[in-house]
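Dear colleague,

I am handing over the structure we spoke about, and below it you will find notes on what came out of it. Please read them with the structure open beside you.

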Amino acid sequence: MKAKVLLSLVLLCGNLAAPLARAGDAAPTAPAAPPACELPSYLLTTESQLPKVADAIKAGKPLEILVIGSRSTTIPASEDSSYPARMQAILRDRLLPSEAVHVSVEIQSKKTAEEAAATFVKLMEAKKPTLVIWQTGTVDAIRAIDPDDFRGAVTEGVSALQNAGADVVLMNLQYSPRTETMISVPPYLDNMRVVAQEHDVPLFDRFAIMRQWNDQGQFDLFSPSRGPELAKQVHDCLGRALAQFVIDAAHLGPAGQQN
Amino acid sequence: MTIADQVTGSTIAGTAKPVEARPEPRSAAPAVTLPAIGERELRLDLFRGLALWLIFVDHLPPSLLTWFTIRNYGFSDATEIFIFISGYTAAFVYGRAMLESGFVIATARILRRVWQIYVAHVFLFTIFLAEISYVATSFENPLYTEEMGIMDFLKQPDVTIVQALLLRFRPVNMDVLPLYIVLMLALPLILWSMKWRPDVTLALSVVLYAVTWEFDLYFSAYPNGFWAFNPLAWQLLFVFGAWCALGGARRMSRILASPVTMWIAIAYVVAAFYVTLTWYVPQLSHLMPKRLEQWMYPIDKTDLDVLRFTHFLALAALIVRFLPRDWPGLKSAWLRPLILCGQHSLEIFCLGVFLAFAGHFILAEVSGGAAMHALISLSGILIMWGVAWVISWYKRVADKSGAKTKNAVGNADLAGGG
């Protein structure tokens, strides 16, 4: 616990010093999180752990991360700014040796959790990642898939990933205020939380995090702007938060960190 | 004499004044206490008004005001209140019609009411279509390309609109009225059966609920999935409301008056509050036994989870105990807005859904600040009150100047009949 407090203090100091670094945001290795990314620590805390990631880092093995997601895992025409790419940059910055972290992305657009889970066995054989970050739920919510079926599919998917020998992080839906009256999100959030609890898998609560940013005024997620700037900034912050989340869940703590 | 005491036998007063609760002489079926017309049961109006306000607030994006809605303090929410009271008042109004005018006439009147609700639903759907079409053409934030997939249904309006008319395609937040329509369609059957044996009817309802859970029965929806409120499960609350209205509550009054019931209810409500607290204060969640969590979650709204139903029962038991029907506060000016809204539930419900759409729209188009949010919530509630007042005023004037033939029996709204 003490280590966590210490870590947050260090991060906070980093944040205070950040405005100077902000101009260089687009650079692949921006050193500290910009103030816009600030989050209360409970949103980045999890009781579940990532033992395989921890082992890999301790043994000095390369860390292979696979992000499986739908279209909200990318930004159209700006792949390098999407959160998996940003996470890779941050992790490389934080963990030594830097070239040992590799993030690959598997986009399964318009696939429900069930359809995505069906591909996992083959996918895992091909990629053999240490950690899989599975972002899901959006397509199911849009298509109003039966939440029970959804839960079953997520359960199967998580089991398949774990059986293939990887640590798993679940990532839930985006907070999308503009479509709130059109897509019923809560059942999918709830069911993902249940599966995460049952399988002792860390859940990265993207929904709560983005809502926090919107409520605090860091980002105006109602914005109808067609330009990619907002999306890039949000993904940058998501990438940072996710990197932090993985580091915490794997208990890599200040020891493995270069700050 | 206040013959209304029979109707509202759910009060503790029911036991205290047994003399007044004499059976209605015209009652053909001894099993049913005929609902009598008399003074309005203001508690019903009050809580239905409250439910309408809460549904409105819950349909807006979360804000400070959301913290005042009961779903944050336990398992059940405003929907339970709304459906229960709807069952209660529907049985109250149409049960009387059935005993007096017979099955056919009562059925005809119920169907007329169903038609009104259906038209209201289609009206709301039209507004929704207008909103979603606007958003689809004006909102192109690349952050949300995936979420915009929800607009795909606009590509085939021929199918979508027909499915909407069949109640199979329903946008978010428009699930309550279709549920209500199905429940009202079943009402003639429910009342007919209640007239014969109220307890057996209630038992059948429980059986249907159990069968629904056991065999996972549901109403399918378009394009896929199922109804967000499963009528086969939610009928339990509706029938239970009807059963209470037709004398059940009075027969239960001894149970309700017992301190054992009270303490069980209090314990349950407190426990539910604690569980809800762990959702919002994650630091507490490690105090929850994992076993209990695994057994309890998910608490299913679609099929009216038993935990939700019992939570509603516990709340209702406490309210009936601590808020007597002759509580003078019910006549106070402060509660007047709530009661007024509860008295015109269909109109105010539809208005609330519309205002929630409009509120979302303003938040999206004008500004999304907290001040704006509070302003929208408050003005929404004021508008609901204002419209309820106008409807009341109009009814009063129309009743005064209009036909003298109009007696209380013919007025479906007497008990907020729908």
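The secondary structure of chain B comes to 15 helices and zero strands, where helices (H or I, at least four residues) and strands (E, at least two) are DSSP runs, numbered from the N terminus. Please keep in mind that this is a predicted model, in which local features need pLDDT of at least 70 and side-chain atom pairs count only at pLDDT 80 or more, while totals for chains, interfaces and linings use all residues. Residues are numbered from 1 along each chain as its sequence is written, and chains are lettered from A and ligands numbered from 1 in the order in which they are written.

Of the 418 residues of chain B, 44% count as buried; a residue is buried if 20 or more other C-beta atoms lie within 10 Å of its own, exposed if 12 or fewer, and partly exposed in between, with C-beta atoms placed from the backbone. Among contacts in chain B between residues at least 6 apart in sequence, 80% join residues at least 24 apart, a contact being two residues whose C-beta atoms, placed from the backbone, lie within 7 Å. In chain A there are 10 helices and five strands, buried residues make up 48% of its 259 residues, and 79% of the contacts between residues at least 6 apart in sequence join residues at least 24 apart.

Five of them form an open sheet in the order S2-S1-S3-S4-S5, and the pairing is parallel; two strands are taken to pair if DSSP finds at least two bridges between them. At the edges stand strand S2 (101-107) and strand S5 (203-204) of chain A, each with a single partner strand, so one side of each has no neighbour in the sheet.

How many of the five residues of S3(A) are buried? Five of the five are, so S3(A) is largely enclosed by the rest of the structure. A:Leu131, A:Ile133 and A:Gln135 point one way from this strand, whereas A:Val132 and A:Trp134 point the other way. In general, the side chains of a regular strand alternate between the two faces of the sheet.

Helix H3 (residues 83-94) of chain A lies across S1 and S2 of chain A and runs at about 170° to S2(A), where axes are lines fitted to C-alpha atoms, for helices over the stretch in contact, and angles run from 0 to 180 degrees between N-to-C directions. In helix H2 (residues 51-58) of chain A, A:Val53, A:Ala56 and A:Ile57 are buried. Seen down the axis of H2(A), these buried residues fall within an arc of 95°, so they line one face of the helix; the arc is that of the directions from the helix axis to the C-beta atoms. They pack against strand S1 (63-69), strand S3 (131-135), strand S4 (167-171) and helix H10 (229-249) of chain A, while A:Pro51 and A:Lys58 are exposed on the other side of H2(A). Just after H2(A), A:Gly60 takes a positive phi of about 70°.

Turning to how the chains meet, 36 residues of chain B are in contact with 38 residues of chain A. The elements giving two or more residues to the side of chain B that touches chain A are helix H5 (103-138), helix H11 (290-296) and helix H14 (345-365) of chain B, and the largest share, four residues, comes from H14(B).

B:Ala108 has its place in helix H5 of chain B, and it counts as partly exposed because it has 13 C-beta neighbours inside 10 Å. The C-alpha atoms of B:Ala108 and B:Pro188, which are 80 residues apart along the chain, are separated by 9.2 Å.

With kind regards
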